[in-house]
Amino acid sequence: MNVSRGRPDEVPAYYPGCSLDGLGKAYEVSCQWVLRRLELSMDRIVDYNCCGATEVKNLSQDVSVVLPARNLALARGMGRHQVVAACNGCVYSLTRANDAVSEEATRGRINEHLSAGGSPAYDGEASVQHVLEFIHNRAGPDRVRARVRRPLAGLTVAPYYGCLYSRPKRYTGVGLTPGTDDPEHPAFLDALLRACGATVLSDYSAKTICCGGGHALSDLDVSVAFSASVMNEAKRAGADLVATICPLGQINIENNLDRIRQTYGPEAILPVAYFTQLMAVALGASLREARLKDNFSRPDLFLKGKGFP
Amino acid sequence: MPIVEPSLVEVQRTEQLELDGIDVSGDWNTFLRSRVHTDLDLKVLEWVRSQPQGETISRCWQCGTCTAGCCMHTDFGLEEFNPRYFIYLAQIGYEAELRKYAETIWRCVSCNKCVERCPKGVKVEEVVHSIGSYLEVTGMAKESPADRFDRAYTENLLRRGVLDEAALFQTYERLEGRKTPGRELFRLGLSMLLSGRLHTGPFAHRTRGWGKMRPVLTRLMTEDLRRRRETARGPPPGSGP
């Protein structure tokens with residue numbers, strides 16, 4: 001179970017995961033930009049490994065716990081009690097590992113595997129949060145509002161949280177860990193985007209649906225249907241843009257653009273951007289600095305049309 | 001009550017039958033044939049419960065909250081995807097019915113809404129995956145696309161410690177026998193490579209010190225998969241000699 005630990009002002013360890021160092025580069029770059037402007041910092045875990053996402057656990061329980069536990073052990077080696085990850089899949093597997101090692105017998109066995117593999121042992125004392133929760137709790141809407149240079153006025157944004165952001169509570173510790181968002185009705189992204197001046201569709205019905213991400217390649221029908229409904233529902237509610245908080249969601253939706261266009265017509269497509277890209281623009285970054293051109297749905301063209309430099 | 005299923009009824013006409021001095025002649029033996037299942041085998045339940053991912057199955061009290069919110073059942077509209085029913089069938093050991101869902105059960109996308117909402121703390125998503133694994137390791141279900149993807153994913157990450165997404169894509173598409181549209185992909189890949197978004201082949205990331213971890217995890221993985229297969233095919237765990 002994820003329980004909050006460490007001083008409230010501790011500089012957390014940052015677990016980038018494979019996505020932020022790869023396909024989600026725009027997320028990483030814009031995230032760092034936003035953190036700098038908000039005077040927040042995180043220390044990167046070097047030599048991290050893949051967390052195993054939702055795939056490895058279907059094959060082996062122990063391997064699916066050792067993989068994230070190694071990263072948490074590295075964070076503890078840096079003296080940190082808090083770990084921040086930007087990907088919903090990473091948050092899921094890191095908190096799931098915490099739940100598993102809260103049982104002493106399991107922790108002992110996992111630590112044997114870790115030490116056989118040359119990794120430090122993990123004491124189970126690192127709590128994990130999503131970067132959205134980190135920004136919301138440490139800077140908050142007030143600091144964001146005070147630093148905004150180019151308000152996203154006139155933009156209607158659909159906040160898409162996807163699954164595994166703060167659910168399941170059994171792993172993320174909602175109710176036990178202060179500063180965790182509501183799994184059924186998350187609101188942190190709404191608050192931050194509103195602080196940036198955007199009109200936020202709080203009742204957007206696809207807020208927490210799945211994008212089909214884990215089955216992006218293995219079950220195409222499902223992943224196209226789900227990513228299309230993220231856009232369709234946003235469109236129906238009158239959104240100009242969809243804001244995402246997970247590289248899996250972002251990449252899956254954009255990877256399906258052609259198929260969505262074929263099935264639902266070109267008007268079904270909305271620009272999709274990481275929430276940090278939109279925040280960076282509001283906080284004064286240029287479209288290029290926020291790497292909006294990286295996104296296949298080209299939010300850069302849309303924002304340029306709205307007069308953002 | 002009228003009998004609505006004549007095929008299930010055997011009528012035997014008895015003339016002049018007397019029992020303890022009472023005349024009971026007439027239509028006799030008007031009974032329904034037994035429809036009690038005798039082919040139930042709790043091995044599936046025992047097996048799922050013995051897996052760390054499936055141990056919470058016994059907590060389920062069949063309320064159906066999981067299915068009511070299940071995105072495959074409701075949003076995608078695949079009605080036969082019914083986690084409550086899968087758990088029920090496993091709980092009563094009705095393998096013959098369960099195997100009808102061999103082509104369905106793997107389609108869970110792991111959104112975890114069911115785990116979030118379960119009032120009894122059943123890890124529904126992991127339990128459903130365990131039931132699917134049972135069908136697969138006993139040969140009742142063919143290896144599914146999702147199983148193949150899980151395997152390709154795990155092998156890929158165990159190689160260097162971090163994922164090589166492009167290689168994973170290629171390996172998996174090959175496993176499915178699909179042809180990747182070469183030129184288009186190459187152009188896309190090149191632009192992503194140049195903008196620092198793709199690290200593959202010689203540019204792939206690797207975790208320092210992974211050389212020591214890889215054999216440990218590979219061995220663990222092999223042992224786990226072997227244990228799964230053996231326990232599912234042999235006598236149920238804990239049944240003794």
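**Notebook: chains A and B**

I began with helix H6 (residues 131-138) of chain A, which lies across S3 and S4 of chain A. I noted that H6 runs at about 90 degrees to S4(A). The model I am reading is predicted.

**Sheet**

I then looked up the sheet to which S3 and S4 belong. I found an open sheet of four strands in chain A, in the order S2-S1-S3-S4, with parallel pairing. I checked the edges: strand S2 (43-44) and strand S4 (127-130) of chain A each pair on one side only. Inside that order, I followed strand S1 (residues 13-15) and strand S3 (residues 82-85) of chain A, which pair in the parallel sense over three bridges.

**Chain A as a whole**

I counted elements next and have 14 helices and eight strands for chain A. I took the extent of the C-alpha trace along its principal axes, about 55 × 45 × 30 Å. I wanted to know how the radius of gyration sits against the globule rule. A compact globule of 309 residues would have a radius near 19 Å, and chain A has 19 Å, so the two agree. I also looked up burial, and 63% of the 309 residues of chain A count as buried. For contacts in chain A between residues at least 6 apart in sequence, I have 77% joining residues at least 24 apart.

**Core**

I turned to the largest nonpolar core, which has 160 residues. Which members touch the most others? I listed A:Ala85, A:Val157, A:Val242 and A:Leu278. I traced where this core draws its residues from, and the largest share, nine residues, comes from helix H3 (residues 61-77) of chain A. I opened A:Val242 and left out residues up to four places away in sequence. A:Val242 then touches A:Ala158, A:Tyr160, A:Val230, A:Met231, A:Ala234, A:Leu270 and A:Val272.

**Interface**

Last, I looked at how the two chains meet. I have 49 residues of chain B in contact with 44 residues of chain A. I asked which elements of chain B give two or more residues to the side that touches chain A. I wrote down helix H3 (71-75), helix H6 (113-117), helix H7 (124-137), helix H8 (145-160), helix H9 (165-175) and helix H11 (210-233) of chain B. I sorted the residues on that side of chain B by type and got 22 nonpolar, 14 polar and 13 charged.

Technical notes:
Residues are numbered from 1 along each chain as its sequence is written. Chains are lettered from A and ligands numbered from 1 in the order in which they are written. This is a predicted model: local features need pLDDT of at least 70, side-chain atom pairs count only at pLDDT 80 or more; totals for chains, interfaces and linings use all residues. A nonpolar core is a set of buried Ala, Val, Leu, Ile, Met, Phe, Trp, Tyr and Cys residues joined through C-beta atoms within 7 Å. A residue is buried if 20 or more other C-beta atoms lie within 10 Å of its own, exposed if 12 or fewer, and partly exposed in between; C-beta atoms are placed from the backbone. Two residues are in contact if their C-beta atoms, placed from the backbone, lie within 7 Å. Ala, Val, Leu, Ile, Met, Phe, Trp, Tyr, Cys and Pro count as nonpolar, Asp, Glu, Lys and Arg as charged, and the others, Gly among them, as polar. Two strands pair if DSSP finds at least two bridges between them. Axes are lines fitted to C-alpha atoms, for helices over the stretch in contact, and angles run from 0 to 180 degrees between N-to-C directions. The radius of gyration is taken over C-alpha atoms; the globule rule is 2.2 Å times the number of residues to the power 0.38.
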